[in-house]
Amino acid sequence: MKPQVVFVLGGPGAGKGTQCAKIVENYGYTHLSAGDLLRAERCREGSEYGQLIDSFIKEGKIVPVEITISLLKNAMEETMQNDQEKFRFLIDGFPRNQDNLQGWTNVMEGKADGWVELVCVDRCLERGKSSGRTDDNRESLEKRIQTYLQSTRPIIEQYQQQGKVRTVDASRSVEEVFADVKRLLDKEG
């Protein structure tokens with residue numbers, strides 16, 4: 001079975017992770033956060049990419065696509081090997097730019113199905129007070145927002161032209177946002 005992938009895109013602090021957790025709970029998807037995978041690899045003992053990832057994250061820049069795709073692909077393969085029923089994936093925070101999209105297409109074309117994109121509209125900051133993430137500070141956040149506007153927004157617009165974008169206003173409560181997400185997922189199947 002090929003993996004079925006839903007990309008969850010949106011600006012920093014849009015609630016992507018929160019909504020993904022609710023989708024996992026209600027629909028049985030496996031949530032893969034590109035950022036979480038990168039942060040885990042950064043901290044993994046003996047990682048050949050750790051220091052490189054660290055410097056990109058601190059600068060609010062996008063990690064080279066080969067590294068991110070390798071981590072995503074490995075996580076999907078490992079999940080599917082452990083449980084054949086786990087073939088639906090939510091990938092949040094990816095693709096973040098044209099290079100990411102091209103890299104994904106080069107590596108995963110014909111190997112993954114289901115290119116439905118769910119986009120959460122921006123909201124921000126409070127999380128930084130308790131998250132412990134090194135990139136949840138004003139300076140990094142400003143850089144991440146600029147990166148999002150310059151690099152990720154065009155990807156969303158490209159998919160929008162193909163009719164593959166489903167937009168959810170994430171400025172409301174978690175429950176209200178999830179009600180819209182649920183309607184979309186039920187409709188899309």
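1. Let's start in the middle: the largest nonpolar core has 24 residues, and those touching the most other members are Val5, Phe7, Leu32, Met76, Ile91, Phe94 and Trp104. Such a core is a set of buried Ala, Val, Leu, Ile, Met, Phe, Trp, Tyr and Cys residues joined through side-chain atoms within 4.5 Å, where buried means under 20% relative accessible area with a 1.4 Å probe, protein chains only (over 50% is exposed, in between is partly exposed). At least two residues of this core come from each of S1 (4-10), H4 (65-82), S3 (88-92), H5 (98-108) and H7 (138-161); H4 gives the most, six residues. Helices (H or I, at least four residues) and strands (E, at least two) are DSSP runs numbered from the N terminus.

2. A word on the source: this is a predicted model, with local features needing pLDDT of at least 70 and side-chain atom pairs pLDDT 80 or more, while totals for chains, interfaces and linings use all residues. Numbering runs from 1 along each chain as its sequence is written, and side-chain values use heavy atoms, without hydrogens and water.

3. Have a look at Ile91, which has contacts (heavy atoms within 4.5 Å) with Val5, Val6, Phe7, Val8, Leu32, Leu72, Met76 and Trp104, leaving aside residues up to four places away in sequence. Another core, of 13 residues, lies apart from the largest one and includes Val6, Ile23, Leu90 and Ala170.

4. Helix H8 (residues 174-188) buries Val177, Phe178, Val181, Leu184 and Leu185. These residues cover an arc of only 120° around the axis, so they sit on the same side of H8; the arc is taken from the directions from the helix axis to the C-beta atoms. Glu175, Arg183 and Lys187 are exposed on the other side. After H8 comes Gly189, with a positive phi near 85°.
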